[in-house]
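Please consult the sequence and the coordinates alongside the text.

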Number of protein chains: 2
Amino acid sequence: MDAKLQELCRQAHEDRIRVGMLDTDTKNRTLELAADALMAHEQEILEANAIDMERGRERNMPQGLLDRLKLDHDRLLGMADGLRQVAKLEDPIGEVMSMRKRPNGLIIGKVRVAIGVVGIIFEARPNVTSDAFGLCFKSGNCAILKGGSDAIHSNIAIVSAMQEALRRMNIPKGALSLIESTDRETTNAFMKMKDYVDLLIPRGGRGLIQSVVNNATIPVIETGTGNCHVYVDQFADQEMAVNIIKNAKTQRIGVCNACESIVVHRAIAKEFLPKLYAALKEYDVEMRGDSYAVECLGPDQPLVKDATEEDWGTEYLDYIMSVKIVDSLDEAIAHINKYNTSHSEAIITKNYDVAQRFLNEIDSACVYVNASTRFSDGNEFGLGAEIGISTQKLHARGPMGLEALTSYKYIIYGNGQVRP
Amino acid sequence: MDAKLQELCRQAHEDRIRVGMLDTDTKNRTLELAADALMAHEQEILEANAIDMERGRERNMPQGLLDRLKLDHDRLLGMADGLRQVAKLEDPIGEVMSMRKRPNGLIIGKVRVAIGVVGIIFEARPNVTSDAFGLCFKSGNCAILKGGSDAIHSNIAIVSAMQEALRRMNIPKGALSLIESTDRETTNAFMKMKDYVDLLIPRGGRGLIQSVVNNATIPVIETGTGNCHVYVDQFADQEMAVNIIKNAKTQRIGVCNACESIVVHRAIAKEFLPKLYAALKEYDVEMRGDSYAVECLGPDQPLVKDATEEDWGTEYLDYIMSVKIVDSLDEAIAHINKYNTSHSEAIITKNYDVAQRFLNEIDSACVYVNASTRFSDGNEFGLGAEIGISTQKLHARGPMGLEALTSYKYIIYGNGQVRP
């Protein structure tokens with residue numbers, strides 16, 4: 001088992017040089033062929049998915065997870081279309097980021113290159129296979145995919161179809177591999193393949209991400225945990241605040257850029273919170289507040305509860321939010337910087353100085369003034385697509401597009417220079 | 001003990017916001033005052049260093065290490081001058097890296113910010129204290145220094161002097177701290193302070209770096225291991241090749257950008273290697289070759305030895321080099337990519353296509369044509385100063401200047417936008 005895993009990682013490592021040098025036309029043509037292959041193999045893929053779905057039902061997989069696991073014609077079309085979209089994105093590889101001549105005549109250029117081998121560890125969402133492959137391949141990287149056991153038949157069928165396209169284009173086979181074994185030992189061994197794999201990106205829930213962070217020796221980019229705050233300042237346009245919080249909380253539940261916590265200035269809490277409650281009632285949003293928030297919301301309201309310390313740091317991914325009252329902007333900033341996950345936070349205010357301070361002092365990947373946190377997304381940011389949203393500060397922060405999957409190297413042109 | 005460590009890390013974490021927002025003038029003035037403070041406290045610092053030196057001698061510390069540990073008036077002046085140089089560098093913080101308006105009216109800016117809290121783990125070189133503090137502080141980061149026990153008295157005296165300057169400028173005290181405890185438990189606990197520390201940079205030998213990589217849960221940037229190659233192509237200017245290898249091998253021994261391995265095309269080996277041997281003889285450079293290299297060098301020469309497999313991957317940091325003969329450019333590239341540490345490699349050639357292929361296909365932070373690997377250095381690259389040379393591909397690669405100590409965040413200006 002481990003020998004198979006090791007060989008697969010070694011092959012990707014060996015092929016990284018050739019994959020990193022593929023020209024843009026070849027990469028784009030391959031992505032289009034891979035999209036075609038998905039549709040040409042629709043029957044096998046949907047049959048394989050039916051097996052996963054049946055097993056999921058037998059094991060009483062929750063409805064939400066079953067829905068993520070399910071493939072049908074339209075979803076497969078969406079995956080194929082995703083690959084075609086990536087083909088249209090600009091190729092980041094080879095960009096000369098800077099070049100200058102030094103006093104000794106050396107010409108030093110900084111050139112964008114692929115990272116090498118990227119491992120993606122994900123759960124039961126078969127669409128991640130084509131998404132992750134597309135972005136890794138377009139950025140010149142070899143992708144090693146490790147999906148959850150619940151989707152293994154689907155993943156094998158999808159990856160086989162795409163590999164067929166790679167073979168037709170004579171792409172080195174290390175460009176795309178799937179780890180078919182789904183036991184924990186293999187996953188743990190994979191996370192330690194530091195000699196062959198340059199980067200691990202876990203895509204999934206907090207448990208998966210924490211497990212990768214704790215066990216991997218390969219560098220990891222943490223993604224997608226979002227305890228996102230909206231702060232309603234005393235100088236807020238209250239109607240706008242209601243509108244933005246409603247959007248950030250309810251437009252799509254269960255995503256990392258949804259609002260989980262709100263912070264309200266005491267000066268307007270009494271007036272504002274009942275309006276917010278009324279607007280969120282139709283979605284049955286439970287509001288867990290501190291004592292003054294509960295007082296303002298109405299302690300007898302069925303959806304109002306007392307918050308515990310744990311609530312301030314919780315990403316509910318559900319129709320629940322915490323409500324904290326503060327006496328000042330300082331207190332709001334301190335509260336948010338203490339409990340957030342550095343993903344996305346917004347302030348609603350009409351005051352210029354308050355807005356600027358919030359932008360400067362909140363330690364988060366994306367900081368908004370008067371807009372919904374739901375915009376934290378590669379497409380919305382104009383990056384074309386995203387491999388995830390980084391909540392750490394090294395290498396990439398916030399929505400990660402193709403550039404986040406690249407590194408650089410220095411190339412130096414000399415004519416005999418030696419160091420004095 | 002751990003409570004003290006934790007409090008020190010927590011304080012730095014708390015102060016990171018204020019330190020990250022310090023204006024450039026305040027930072028520069030503080031760096032200059034810190035430089036003055038080093039000289040004002042010269043007597044205490046040199047006395048403290050004398051204690052470390054005496055203990056080192058008692059423990060039979062090797063002469064090379066004693067030399068690195070030793071401080072005197074000129075070296076202290078050099079440290080103070082280093083801080084003044086950093087004050088003169090451009091402040092990277094606050095740079096607007098991009099800003100654009102999206103179709104929905106959102107204005108999305110990408111702004112350079114500090115990383116937060118940077119931990120530096122180093123060995124018995126007291127000058128690292130002021131170097132690391134200067135670069136971390138100028139880039140808006142809080143620095144937590146953990147030096148080796150051999151230099152603890154020197155480090156305490158140096159850091160105390162600089163902290164005095166910080167207090168005079170009302171800089172939050174988390175901006176600079178030294179972990180005074182030098183036992184292994186404290187070091188290990190420090191490497192796991194992930195809630196408070198954003199980045200660890202080990203500065204020292206391979207053992208130190210590996211220990212940090214293996215034990216840390218905080219992200220690490222690996223630096224400074226260099227098995228650097230020079231490839232002498234069949235189309236090389238042989239005189240230039242001798243000159244460059246002599247420089248790369250002997251100009252300074254024991255540094256990471258020194259040449260450790262040479263690769264020579266078979267077509268010129270017989271002619272070239274005796275010239276190289278003659279030029280390196282005055283430095284007593286031992287040459288460990290494969291069988292044909294030994295044949296060309298002369299098996300009876302006192303400095304010629306047979307190489308073992310282990311030699312190809314060894315960073316000697318000594319007057320020794322390995323010599324590999326290859327039949328082709330392909331073989332040279334494959335050999336180098338297999339055994340290098342992704343630091344710096346050079347080719348000597350007059351052939352355009354060969355040069356271009358080497359630049360493209362060698363997987364290394366710095367790839368040279370016709371120049372010495374010894375130029376891989378922050379100052380030589382025009383970065384002003386360096387905190388180390390990264391041999392990994394995430395975040396920063398090659399010589400790391402102030403920018404490598406920064407991250408970015410997105411700031412988004414809206415006027416009520418919600419996601420449809």
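This is a predicted model: local features need pLDDT of at least 70, side-chain atom pairs count only at pLDDT 80 or more; totals for chains, interfaces and linings use all residues.

The relative accessible area of B:Asp318 is 37%. Because buried requires under 20% and exposed over 50%, B:Asp318 is classed as partly exposed. Between B:Asp318 and B:Thr341 there are 23 residues of sequence separation, and their C-alpha atoms are 17 Å apart in space.

Attention may now turn to the annotated domain in chain A. An unreviewed UniProt entry places the feature "domain: Aldehyde dehydrogenase" at residues 7-286 and 320-382 of chain A. For residues 7-286 of chain A, the end C-alpha atoms are separated by 51 Å, and the span is 52% helix and 16% strand. For residues 320-382 of chain A, the corresponding separation is 30 Å, with 33% helix and 29% strand.

Two helix pairs of chain A illustrate how its helices are packed against one another in terms of axis geometry. Helix H6 (residues 127-138) and helix H7 (residues 152-168) of chain A have axes that come within 9 Å and cross at roughly 30°. Since angles under 35 degrees count as roughly parallel, H6(A) and H7(A) are described as roughly parallel to each other. The crossing of H6(A) past H7(A) is right-handed.

The second pair consists of helix H10 (residues 238-250) and helix H11 (residues 266-281) of chain A, whose axes come within 10 Å and cross at roughly 45°. That angle makes H10(A) oblique to H11(A). H10(A) likewise passes H11(A) in a right-handed crossing.

The aromatic residues complete the picture. Over all chains, the structure holds eight aromatic pairs. One of them joins B:Tyr408 and B:Tyr410, with 5.8 Å centre to centre and 80° between the planes. Because planes over 60 degrees apart count as edge-to-face, the pair of B:Tyr408 and B:Tyr410 is edge-to-face. Both B:Tyr408 and B:Tyr410 are buried.

What sits over the ring of B:Tyr408? The charged end of B:Lys110 does, at 4.3 Å from the ring centre. In chain A, A:Lys324 lies over the face of A:Trp312, 5.4 Å from the centre of the ring.

Conventions. Residues are numbered from 1 along each chain as its sequence is written. Chains are lettered from A and ligands numbered from 1 in the order in which they are written. Side-chain values use heavy atoms; hydrogens and water are left out. UniProt positions are given in the numbering used here, feature names are shortened, and annotations may be inferred rather than shown by experiment. Helices (H or I, at least four residues) and strands (E, at least two) are DSSP runs, numbered from the N terminus. Rings of Phe, Tyr and Trp (its six-membered ring) pair if their centres lie within 6.5 Å; planes under 30 degrees apart count as stacked, over 60 as edge-to-face and the rest as tilted. Buried means under 20% relative accessible area, exposed over 50%, partly exposed in between (1.4 Å probe, protein chains only). A charge sits over a ring if NZ of Lys or CZ of Arg is within 6 Å of the ring centre and within 35 degrees of the ring normal. Axes are lines fitted to C-alpha atoms, for helices over the stretch in contact, and angles run from 0 to 180 degrees between N-to-C directions. Angles under 35 degrees count as roughly parallel, over 145 as roughly antiparallel, 65 to 115 as roughly perpendicular and the rest as oblique. A crossing is left-handed if the near helix is turned anticlockwise from the far one by less than a right angle, and right-handed if clockwise.
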